[in-house]
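Reader: I have a model open on my screen and would like to learn how to read it. Could you walk me through it?

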Amino acid sequence: MLNTTVLPAADLTPDHLASWTKLQTSQPELASPYFRPEFTLAVAAVRHDVEVAVLSRHAEMAGFFPYQRRRRTAQPVAGRLSDSHGLIARPDLDCTADDLLRACGLSSWAFHHLPASQSWFASHASQTEGSPYLDLSRGFDAYRQELHAAGREGVSQPLRKRRKFDRECGPLRFELDCRDPAMLERLLAWKSTQYRRTGLTDVFAFGWTVSLVKRIWEHRGMEFCGLLSVLYAGDRPAAAHFGMRSHGILHYWFPAYDVDLARFSPGSILLVQIAQAAEAAGIRRIELGRGSKPAKTSVMSGATLVAEGRVERRPLVRWVRGHWGRARQSFRSSALRRRLESPLRLVRPLREWFAFR
């Protein structure tokens with residue numbers, strides 16, 4: 001018999017957190033920092049809508065399902081900022097997505113970076129995509145050789161540009177774990193400018209996102225911590241990245257660079273520097289998040305399959321969404337798409353703004 005108790009994330013006890021950690025660390029597919037309880041608690045500290053369903057069986061905690069509630073609908077913890085989410089539980093847990101949401105008092109839950117291996121939600125996925133990663137478990141040289149053998153030259157060009165960059169603007173200096181709060185502020189400013197320049201929603205225009213990044217950066221621990229890495233040209237910051245680390249996994253989250261130095265590709269050079277420093281720092285894998293842009297595919301060792309979709313318990317809404325999804329797929333492959341792309345692009349920022357509220 002499976003029992004479900006829904007709690008505000010802030011009400012989780014030390015016993016809850018210990019059981020969560022035990023389940024998470026016992027399964028490689030849950031190794032991402034996003035599946036750590038510390039991540040959920042960090043988001044709960046800056047938002048008031050984070051809940052966790054605690055699943056128990058025979059008085060033993062068997063699973064945890066964290067989410068953000070908006071009335072009777074839900075999304076992953078941190079919403080669009082989450083690059084991994086799902087159910088933290090034993091793979092053999094006897095549970096269906098519909099039963100889980102019913103027990104939580106939810107009508108729907110949308111997901112976009114769900115490990116495809118989570119069979120509980122498989123029938124609710126509308127599409128799957130690869131989430132690239134760098135395998136550094138045997139060191140940088142082995143990674144580079146494997147990349148070359150696969151016909152990917154995403155590391156070679158940054159290495160060549162690094163030498164040119166060093167000659168013209170250097171000497172270059174790299175800091176894997178920067179503790180300067182002013183540098184974190186600069187990274188956030190760079191990233192906000194990048195979002196606005198490219199027509200995307202500035203996620204750091206929302207107070208809770210800035211507070212979340214700062215809170216994670218201040219968290220120090222082997223099991224979970226924020227990592228700010230910086231590339232300098234002389235005394236001038238050229239590129240920076242903020243991500244999350246859990247044991248040997250680093251999730252590449254917010255990279256940005258000084259646009260006046262763009263011709264040297266400082267962002268790509270920074271990623272290579274982090275990869276080179278990974279072995280000594282105990283990092284065996286860098287996860288890049290889903291997507292097939294050349295910046296990711298040219299450096300990836302492989303990709304984990306992740307799913308996008310929605311668990312929808314309301315029959316009418318499920319019917320409408322199903323027909324809308326099929327219409328959208330037909331639209332994407334039609335000649336009409338080009339004519340309507342510009343008007344739809346104007347609507348997208350408003351939709352994203354509501355998603356981050």
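Predicted model: local features only at pLDDT ≥ 70, side-chain atom pairs only at ≥ 80, totals over all residues.

Reader: How many helices and strands does the chain have?

Author: Helices (H or I, at least four residues) and strands (E, at least two) are DSSP runs, numbered from the N terminus. Here the chain has 11 helices and 13 strands.

Reader: What share of the residues counts as buried?

Author: Buried means under 20% relative accessible area, exposed over 50%, and partly exposed in between (1.4 Å probe, protein chains only). Of the 357 residues, 48% are buried.

Reader: How do I read one side of a helix?

Author: An α-helix has 3.6 residues a turn, so residues three or four places apart point the same way. In helix 4 (residues 140-149), the buried residues are Phe140, Ala142, Tyr143 and Leu147. They lie on the same side of helix 4 because they cover an arc of only 165° around the axis, taken from the directions from the helix axis to the C-beta atoms. The face turned away from that buried side carries the exposed residues Asp141, Gln145, His148 and Ala149.

Reader: What do the buried residues of helix 4 pack against?

Author: They pack against strand 7 (125-135) and helix 8 (266-281). After helix 4 comes glycine 151, with a positive phi near 80°.

Reader: Which charged side chain is nearest to lysine 191 with opposite charge?

Author: For charge, Lys and Arg count as positive and Asp and Glu as negative, with His and the chain ends not counted. A salt bridge needs a side-chain nitrogen of Lys or Arg within 4 Å of a carboxyl oxygen of Asp or Glu. Lysine 191, in helix 6 (residues 181-197), is buried without a salt bridge, and the nearest side chain of opposite charge, aspartate 202, is 9.7 Å away.

Reader: Which backbone oxygen does the side chain of lysine 191 reach?

Author: That of proline 255, at 2.7 Å.

Key
Residues numbered from 1 in each chain as written. Heavy atoms only, no water. Polar contact = N/O pair within 3.5 Å; in protein donor to acceptor, adjacent residues only side chain to side chain. Contact = heavy atoms within 4.5 Å.
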